[in-house]
Each structure stands twice: as structure tokens, then as C-alpha cells.
Amino acid sequence: MGLQQSNIESLPFVTAELNYLAPVAGKPRTYAYDPPPGEPRTTALPEPHIVPIFDARLIADAISLDREGFALVRHPTAVRNFYDDKEVRSVYYPAAEAFIKATLKADRVFIFDHTVRKRVEGTDDVRGVAPRQPATRVHVDQTDLSGRNRVREHLPEEADELLKGRVQVINLWRPIRGPLRDAPLAMCDGQTVAPGDLVASDLIYPNRNGETYSVKFNPNHRWFYVPEMTADEALLLKCYDSATDGRTRFGPHTAFIDPTTPADAPPRESIELRTLVFHKH
Ligand code: OGA
Ligand code: FE
């Protein structure tokens with residue numbers, strides 16, 4: 001089924017600039033740390049496009065991870081300090097694991113990492129220098145290859161068995177403080193993404209290489225955001241799905257600057273968990 005185009009076009013929206021991938025020779029590569037001498041930090045240069053980003057609140061119940069590739073959920077948390085890594089792991093991880101398992105009717109959920117972000121004006125998203133910054137490129141965290149590899153990387157003993165079933169990589173993203181008005185997240189309706197829009201790109205760490213998708217502009221893309229998210233709300237983002245039956249497998253997303261954000265809005269603070277979600281067949 002999916003969302004009706006006419007209904008979407010009558011939703012409130014903001015107009016904002018999103019950074020797509022500019023044409024590039026070869027496989028785009030980005031260093032997650034200071035690059036070796038003579039190499040650029042990234043060959044994935046931004047190509048900004050101004051697009052409407054529709055308010056998903058009025059249609060949130062009609063949106064699903066399987067179809068659009070994201071979902072808005074209510075998920076109050078007992079965590080007091082998301083900057084306390086120990087509390088995040090001991091309080092947030094188990095609660096989120098149970099929540100995702102129940103919400104997705106999964107057999108098992110494994111949380112493999114998390115990222116806390118706090119926007120600091122004029123700061124680039126460079127690891128180890130300042131808090132992680134909002135991600136200002138349209139991307140998908142995993143690819144067909146790296147999504148699958150995550151299972152071998154994190155659960156090597158059980159990987160063969162787990163890979164016989166359905167595997168998803170799902171992020172649980174939430175504001176640390178709400179209502180969030182600064183640098184919200186935009187999600188692309190996965191049904192509007194053509195396979196050729198996704199460009200596998202190397203992400204190079206000191207000790208390993210990851211692969212993510214950069215995304216080429218396509219005027220068919222339909223973008224959504226959830227205005228003024230509260231600290232009781234969260235987004236589920238689909239970053240990989242082994243299912244190849246027509247469900248959305250990869251959900252592009254990016255932070256964006258909302259031109260309607262009041263000048264005195266507090267800077268965005270958010271946390272995202274990255275999780276492996278398993279279904280036996
Ligand atoms: C994510 C992500 C970007 C941001 O959660 O996968 O890309 O700015 N977040 O929060
Ligand atoms: Fe992401």
C-alpha cells in the first residue's frame with residue numbers, strides 16, 4: 001500500500017538543504033581519523049539539494065520499518081545521564097534491547113554500539129576532538145556487505161546459525177532533551193529510493209574498515225522528519241535488512257538545519273544505539 005502521494009503533499013513541511021553525494025571517480029572513501037599525509041579526509045564531497053521535508057507526526061501510525069524504513073515510537077527511559085557511559089550500558093542497553101525485541105517481535109536483539117552527539121556551533125564531526133556532531137550527509141550506516149558482516153564481527157560463534165534467519169541492523173535514535181528543535185533528523189522514505197541511488201563507500205578506522213552507503217540525489221526521494229521530538233520519543237531507523245522480498249532494506253537519513261528553528265533553541269543532544277535484530281524463520 002504505502003502512503004498516498006496526495007495525502008503527503010497536504011502535510012506541513014519545511015524546506016531545507018540536504019547534502020547528497022557529488023559525482024566521484026572511484027569508490028568514495030572517508031577516514032574516521034586524521035588521514036595519512038597527502039590524502040583528503042574524504043572523497044565523498046557534498047552536493048546540496050533543497051528539498052521539502054514533511055512532518056511525519058500526522059501519519060506516524062501509518063509509517064513502518066518494513067515499508068518506509070523508519071518508525072516513530074514512544075519509549076520513556078529511566079536513564080538520568082546519557083553522558084555516563086556506564087549508566088547507558090547498564091540501564092539503557094537492557095531496556096532498549098527488551099523494547100526493540102517486543103516492538104519488532106524479534107527473537108533476539110544485540111546492541112553493538114552507541115553514539116552520543118551534542119552540537120557545538122562551528123565544529124566538524126571529527127572523532128576524539130569534540131562531542132560527535134550531527135551527521136550532515138545523507139547516508140545509510142550499513143551496506144548489503146557490512147550489514148551482514150556485523151553478525152560475524154560481533155557474534156562470531158553464532159554467526160552461521162544466525163545468518164540462516166532474517167537479520168536487520170536497526171538504530172534507536174532519541175533526543176536526550178526535548179522538545180528538540182535544533183538539527184533534527186530527516187528520514188528518506190525507502191520506497192522512493194532506487195538501488196542505483198546507493199553508493200557503497202569505505203569508512204576507514206585505524207583498526208578496521210567499515211562500509212556505508214552515500215546517496216545520490218534522486219528527485220523521487222520523499223523526506224520526513226518529526227518536529228519537536230520529546231525525550232520520551234524515539235526513532236527506529238532501518239540500516240540493513242537481509243530480507244529481499246520487497247521490504248525496505250536501507251533507510252537513508254541525515255541531520256539537517258531547519259530554517260524555522262528559533263535562534264535560541266538549545267543545541268541538539270541525542271543518542272543512537274546500533275543493534276542487530278534477529279528473526280528465526
Ligand atoms: C544515525 C545517524 C545522525 C545524527 O543515528 O544513524 O546517522 O545526526 N544520526 O544524529
Ligand atoms: Fe546514520
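Biologist: How much space lies in the second largest pocket?

Modeller: Keep in mind that this is a predicted model. Rolling a probe the size of a water molecule over the atoms shows where empty space is left. Here the second largest pocket holds about 260 Å³ of space.

Biologist: Which residues lie nearest the centre of the second largest pocket?

Modeller: Gly190, Val193, Thr248, Arg249 and Phe250 do, out of 14 lining residues. By class, that lining divides into 6 nonpolar, 4 polar and 4 charged residues.

Biologist: How many cavities of 30 Å³ or more does a search of the whole structure find?

Modeller: A cavity is a space where the probe fits but cannot get out, whereas a pocket is open. The search finds 1 cavity of 30 Å³ or more. About 90 Å³ of space lies in the largest cavity.

Biologist: Which residues line the largest cavity?

Modeller: The lining consists of Arg117, Ala135, His139, Asp141, Asn171, Trp173, Leu185, Leu237, His253, Arg268 and Glu272. These divide into 4 nonpolar, 3 polar and 4 charged residues.

Biologist: Where does ligand 1 sit?

Modeller: Ligand 1 sits in that largest cavity. It is surrounded by 13 residues, the closest being Ala135, His139, Asn171, Trp173 and Arg268. The shell has 6 nonpolar, 3 polar and 4 charged residues.

Biologist: Which strands each supply at least two residues of that shell?

Modeller: Strand E7 (166-175) and strand E13 (253-255) do.

Biologist: Which atoms of the protein lie by the oxygen atoms of ligand 1?

Modeller: For polar contacts, look for pairs of N or O atoms within 3.5 Å. A backbone N or O atom of Ala135 lies 2.8 Å from a ligand oxygen. Polar side-chain atoms also come in: one of Asp141 is 3.0 Å from an oxygen of ligand 1, and one of Arg117 is 3.4 Å from an oxygen of ligand 1. As for cover, ligand 1 taken alone exposes 290 Å², and the protein buries 99% of that.

Biologist: Now the backbone. Which residues does a cis peptide bond join?

Modeller: The omega angle is the value to read. The cis bond joins Gly178 and Pro179, with omega about -5°. Pro179 is placed in the loop between E7 and strand E8 (185-188), and E7 is one of the strands that supply shell residues around ligand 1.

Biologist: Which residue other than glycine has a positive phi, near 50°?

Modeller: That is Lys105. Lys105 is in the loop that runs between helix H2 (85-103) and strand E5 (108-118).

Terms used
Residues are numbered from 1 along each chain as its sequence is written. Chains are lettered from A and ligands numbered from 1 in the order in which they are written. This is a predicted model: local features need pLDDT of at least 70, side-chain atom pairs count only at pLDDT 80 or more; totals for chains, interfaces and linings use all residues. Side-chain values use heavy atoms; hydrogens and water are left out. A residue is near a molecule or strand if one of its heavy atoms lies within 4 Å of it. A polar contact is a pair of N or O atoms within 3.5 Å; within protein, one must be able to donate a hydrogen and the other to accept it, and residues adjacent in sequence count only if both atoms are side-chain atoms. Accessible areas come from the Shrake-Rupley method with a 1.4 Å probe; for residues, only the protein chains shown count as cover. On a 1 Å grid over the protein atoms alone, a cavity is a set of points where a 1.4 Å probe fits but cannot get out, and a pocket is an open set with protein on both sides within 12 Å along at least five of seven lines; lining residues have an atom within 4 Å of a point. A molecule sits in a cavity or pocket if more than half of its atoms lie within 2 Å of its grid points. Helices (H or I, at least four residues) and strands (E, at least two) are DSSP runs, numbered from the N terminus. Ala, Val, Leu, Ile, Met, Phe, Trp, Tyr, Cys and Pro count as nonpolar, Asp, Glu, Lys and Arg as charged, and the others, Gly among them, as polar. Grid points are joined across faces, edges and corners, and a volume is the space filled by probe spheres set on the points.
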